[in-house]
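Hello,

Here is the structure I promised to pass on. Please have it open while you read the notes below.

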Amino acid sequence: MMAGRLGTAIAALVIVASLAGCANREETAAPQIPTLSVRLTDFDISPSSPTVDKPGEVFLRISNDGRSPHVLAVDGPEGEAKTDTIKPGSGATLRVALSEPGRYKWYCPLENHAERGMRGHITVKDG
Ligand SMILES: [Cu+2]
């Protein structure tokens with residue numbers, strides 16, 4: 001019985017992870033993982049410097065609305081996490097462990113995109 005429920009919970013999490021692109025934020029089976037929608041353009045990250053309320057994992061739901069390929073990289077407290085190259089008109093999800101309060105850089109590491117404006121910070125509050 002217990003194992004069955006746990007299995008169901010894990011299956012639900014996997015589904016949320018794979019369908020994060022179209023999951024409704026209020027109906028997610030894992031409300032403890034905040035989801036942030038991020039829009040990449042030539043050459044901006046929007047929002048450029050969001051804040052999350054407490055340390056923990058964050059789901060980034062990223063769309064590339066620009067005309068160039070982009071990548072989103074986050075220098076978190078446990079190292080760098082980044083997407084594969086996201087084609088124009090496409091999207092990606094990234095799960096980032098922001099386990100400590102702080103201010104973490106995020107940027108597009110391709111060519112000179114960060115210098116051109118694709119950089120900012122995620123601030124993690126103490127909770
Ligand atoms: Cu870029």
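Leu40 has its bridge partner in β2: Ile45. The two strands involved, β1 (residues 35-41) and β2, run antiparallel and are joined by three bridges. Bear in mind throughout that this is a predicted model.

Both strands belong to an open sheet of four, ordered β2-β1-β4-β7, with mixed pairing. β2 (44-46) and β7 (91-98) are the edge strands; each has a single partner, so one side of each lacks a neighbour in the sheet. On average, neighbouring strands here are turned by 25° against each other, direction ignored.

Now the other end of the sheet. β4 and β7 pair antiparallel, over eight bridges.

Then the core. Which residues of the largest nonpolar core touch the most other members? They are Leu40, Leu60, Ile62 and Leu72, out of 21 residues. The elements giving two or more residues to this core are β1, β4 (56-64), β7, β8 (102-107) and β9 (119-124). In soluble globular proteins, nonpolar side chains tend to be buried together.

Leu60 is worth a click. Beyond its neighbours within four places in sequence, Leu60 contacts Leu36, Val38, Leu72, Thr93, Leu94 and Val96.

Best wishes

Conventions. Residues are numbered from 1 along each chain as its sequence is written. This is a predicted model: local features need pLDDT of at least 70, side-chain atom pairs count only at pLDDT 80 or more; totals for chains, interfaces and linings use all residues. Two strands pair if DSSP finds at least two bridges between them. Axes are lines fitted to C-alpha atoms, for helices over the stretch in contact, and angles run from 0 to 180 degrees between N-to-C directions. A nonpolar core is a set of buried Ala, Val, Leu, Ile, Met, Phe, Trp, Tyr and Cys residues joined through C-beta atoms within 7 Å. A residue is buried if 20 or more other C-beta atoms lie within 10 Å of its own, exposed if 12 or fewer, and partly exposed in between; C-beta atoms are placed from the backbone. Two residues are in contact if their C-beta atoms, placed from the backbone, lie within 7 Å.
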